[in-house]
Structure formats: structure tokens, C-alpha cells
Amino acid sequence: MKLKQRVVLLAILLVIFIFTKVFLIDNLDTSAANREDQRAFQRMLSGLRVALDPRLEHTLQSPWEIAAQWVVPREVYPEDTPELGAVMHAMATKRIVKADVGYKGTQLKALLILEGGQKVVFKPKRYARDYIVEGEPYAGYDRHNAEVAAFHLDRILGFRRAPLVVGRFVNLRTEIKPVATEQLLGTFMTVGNNTCFYGKCYYCRETEPACADGDIMEGSVTLWLPDVWPLQKHRHPWGRTYREGKLARWEYDESYCDAVKKTSPYDSGPRLLDIIDTAIFDYLIGNADRHHYESFQDDEGASMLILLDNAKSFGNPALDERSILAPLYQCCIIRVSTWNRLNYLKNGVLKSALKTAMSHDPISPVLSDPHLDALDQRLLSILATVKQCTDQFGPDVVLVEDRMTLSHL
């Protein structure tokens, strides 16, 4: 064989080798990643039921210390949480040693200190489970049960970016009033035979108190994140104007995502993909009120978008507010792991999983059946939206690998 022919043959073999490496090996890696996604999904399903049990494996630690050690830049709690039930039991039962008005905001809440020094946010029940909130998708009071349901959906989606939430019944007369600050105590009143309070907030009114059933009030408690992880607040790039007749730029500019991609922290790192994960999460729960979001301070865009304040959710099961999905359909990118998880939840699995996850909560049933049915319907809309993107741009552009190794040392 002539030298020239040998060179050509070697060149062809080299091209074949490169082709094999790029396509076959990469496909093997992707398959391995997909298999890990499937295993993670099965682990999630097997651990869905969280029985509230006071027993701790680490008897030298309090439940609050255990929960604080879970927090890392990309997770609030780890995938494997055998002591989750013990922490949530403590949240639902530990003695309240102090009660104060909630941190500043638009909605009624109370800040409680539980035995052992742990801060939690208490949101009172304002609506019956089957009440339909009419009007704008962000209308109405906060829904305490929405916080509980959103936390468990966060577990099911595998995000693990929402602080722990559990339902709790409190006796306002014996548990709250004796330890309440003067500021909170001054907002208590009696309406008929019911003890009520209206707290301090932007929309709090003496004429619109939250009332217990007698002295017993149903609500949710959200675990305060450790003080060693201070939060930084950001304006959401797809936030609404909340002004009639005035549109935000994303509502009329089809190329808006291109502009977002050029600004920090969305021009690099995981933040834009977190925004899209959050849009999917918010669309499922019907939350059109995420005008701001929090991350950990000084993170330069590397830490997670924390899924705080989900109480403007599950207001109207018949309303599917598609504009919540704008980050997804305008950017047309999604994490492969998120895409895989959504597909695993098809065919009624999502509704069944969420119902199972919430079954042990003290205020169960947390959601009415129409809200659970709406989740499965909204999931189909998300999958259809991603398919439109892949049909237009191709899966290699739309499906983005973003897998991070997380440490809990």
C-alpha cells in the first residue's frame, strides 16, 4: 500500500475514532446519568411517607442542630433524610416560648420561637380547603396549606430548595397569648366565641383578622434557615408590575430572555436554570406572585434560588396561568434532570405521590381533590411546552446538563 493511501486510511480511522468517542461514549455517559435519575426517583418514592416521630438517631443533637447541618449552598435538606420526621415532629409539637409579629411583608404571619431557640414562621388558616380564590392569580390571603403542599412538591421534584414546612394546631389562649409580645398581643380580639388576631403587615387590618375555631387555630410553620446562612433578596427577572395597564418587558418582548442571558448572575452559573426550575414549580402550584426571590449572600450566582413564601398558591384549580411559564418558553432550556423527573411523574404519578407525601401531616388532608387533579393537568402543559421547544430548536439545545456534586460534610 502506498504511503499516500496509508495516510488517507489513518485519517479515516482517526475520524471514526473521534466520532465513536464523541457520540457513543457521550451517549453512554448520558445513559448512566439517566439511570441515576431513575434511581433517585425511586429513592424519592420509597421515602415519601414521613411519619412524624420524635425519635432521633443522633441523641446528642437537637432536631434544630440536625436541620441546620443539612443546609448547603445548593440544598436546604439532603436527599437521604431519615430524621426528617423527627425534625417535623418537633416543629409541630415543641413548646412555644415566644410569639411576635411576623417579619415585614404584605401578609399576616407570626414569628414563633420554639423550645430550644428555633425560629419558625406561623401562617394562620384563612380559607377552607375547597374555597376558590377568584380574581388575579396572585389574589387573596396567604394559604397556609399551600406552604405545606409546596414543600412536599419540592421533595418530589428533587429540588430540595424549600425550607421545611409542617401543619400545626395552636391554642391561641394558652400557647400564644401568655408568651406574646405587646405588639402582637395588641392585635388580639374576640369575634363571637372565637379568638382572633390581625398582626402587623402591609395588608393587615383590624377589620380582617384571622380567627381560630374557638381558641384552636390551624396553620403552617416554616423552619427559619440558620443565621449562618444570611439571605440576599433579588428582583425576579420575570416579575410582574402589579399595575393595571402596565406590562413588564418580558410580557411584550419576545427576545427578552436573550437580554437576561447577558446580565449577571444569569450569564453564567446555575441561576438561570434555577429560574426555569422555579417557573415549573410555580406553574404546578399556581403561584404567580414570585416578584422577588432569595439566595444566600455573596454567592456570585452559585447558590440555589431558595423556594421561600409559596403561600399564594393553590388558589384556583381551574386557573392555569400560562404566563408563569414564561422563563421556560422564552428561554427554551431545561435541566435534563428536571426533564427526566417530570416525565417520571406522568400518568397520575404526581398526584398520587403528593397525596402520599402529605398524608401524615397534622392538617391532612392538605389539598382538595380538584387541586391535586390540576397538578397532573399542568404537568402535561409543561411537557408540551418543552416538546414545542425541542421541535423548534432540537433536544441538544433545549436539554441542558447541569449536575452538581453536593457535599453535606
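The structure holds 23 salt bridges, a salt bridge being a side-chain nitrogen of Lys or Arg within 4 Å of a carboxyl oxygen of Asp or Glu. The model is predicted, with local features requiring pLDDT of at least 70 and side-chain atom pairs pLDDT 80 or more, while totals for chains, interfaces and linings use all residues. Residues are numbered from 1 along each chain as its sequence is written, and side-chain values use heavy atoms, without hydrogens and water.

One of the salt bridges links lysine 123 and glutamate 147 at 2.7 Å, N to O. Because lysine 123 belongs to strand 3 (residues 118-124) and glutamate 147 to helix 4 (residues 144-157), the pair ties together parts 24 residues apart in sequence. Helices (H or I, at least four residues) and strands (E, at least two) are DSSP runs, numbered from the N terminus. Lysine 123 is buried, at 2% relative accessible area, and glutamate 147 is buried at 4% (buried, under 20%; exposed, over 50%; partly exposed, in between; 1.4 Å probe, protein chains only).

A salt bridge of 3.9 Å, N to O, joins the side chains of lysine 355 and aspartate 369. Lysine 355 lies in helix 11 (residues 349-358) and aspartate 369 in helix 12 (residues 369-393), so parts 14 residues apart in sequence are tied together. Lysine 355 is partly exposed at 45%, as is aspartate 369 at 43%. Salt bridges with shared partners also connect Arg74, Arg161, Asp274, Asp277 and Arg335 in one network.

Three strands make up an open antiparallel sheet in the order 5-6-7, where pairing requires at least two DSSP bridges between two strands.
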